[in-house]
Amino acid sequence: AAPVIPAAALSACLDVAQAQRVLHARPELLLLAKEIESLFRQLLARLPSAVRPRLAALSLAPAGASEWARWPELLQASPEAVHDWLGRVSVEERHMGCKE
């Protein structure tokens with residue numbers, strides 16, 4: 001299989017300009033393309049309509065601004081930690097949906 005390129009992995013949920021901004025701000029993500037791809041696949045399976053707008057708005061948000069902003073922290077986390085985070089993101093999304 002061809003190697004996964006970080007920008008390509010990010011483009012599953014972010015447009016090219018957003019992916020470039022994220023990689024510029026977080027260069028350590030350049031080494032985590034497979035992990036990005038895996039996490040984004042899980043997000044898309046769980047919250048397909050919310051992923052792109054939320055990550056676009058919150059990927060570079062300060063820590064504590066949203067559970068969504070924590071996604072880079074989860075790239076090398078245990079499956080249990082990712083599962084728990086996906087649950088928190090789902091709850092936050094339902095809460096955001098109620099406000100809209």
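A residue is called partly exposed when its relative accessible area lies between the buried range, under 20%, and the exposed range, over 50%. The legends below describe close-up views of a predicted model.

View 1. The closest N and O atoms of Glu93 and Arg54 are 2.8 Å apart. Glu93 and Arg54 are both buried. The model contains 5 salt bridges in total.

**View 2. Arg70 forms salt bridges with Glu67 and with Glu73.** Between Arg70 and Glu67, the closest N and O atoms are 3.0 Å apart. For the side chains of Arg70 and Glu73, the N to O distance is 3.0 Å. Arg70 has a relative accessibility of 23% and therefore counts as partly exposed. Glu73, with a relative accessible area of 48%, is partly exposed. Through salt bridges that share partners, Glu67, Arg70, Glu73 and Arg88 are joined into one network.

**View 3. Glu92 is a buried residue without a salt bridge.** Glu92 is located in helix H5. Its nearest side chain of opposite charge is that of Arg54, which is 6.5 Å away. Leaving aside residues up to four places away in sequence, Glu92 touches Ser66, Glu67 and Trp68. Of these contacts, Glu67 is also a salt-bridge partner of Arg70.

**View 4. The largest nonpolar core comprises 28 residues.** Within this core, the residues that touch the most other members are Leu10, Leu43, Leu55, Trp68 and Trp71. At least two core residues come from each of helix H1 (6–10), helix H2 (16–25), helix H3 (33–46), H4 and H5.

**View 5. Leu10 and its contacts are shown in detail.** Leu10 is among the core members that touch the most others. With residues up to four places away in sequence not counted, Leu10 touches Ala19, Val22, Leu23, Ile36, Phe40 and Trp71. One of these, Trp71, is likewise listed among the core residues that touch the most other members.

How values were computed: Residues numbered from 1 in each chain as written. Predicted model: local features only at pLDDT ≥ 70, side-chain atom pairs only at ≥ 80, totals over all residues. Heavy atoms only, no water. Salt bridge = Lys/Arg side-chain N within 4 Å of Asp/Glu carboxyl O. Buried < 20%, exposed > 50% of the residue type's maximum accessible area, 1.4 Å probe, protein only. Core = buried A, V, L, I, M, F, W, Y, C linked by side-chain atoms within 4.5 Å. Helix = DSSP H or I, 4+ residues; strand = E, 2+ residues; numbered from the N terminus. Contact = heavy atoms within 4.5 Å. Lys, Arg positive; Asp, Glu negative; His and termini not counted.
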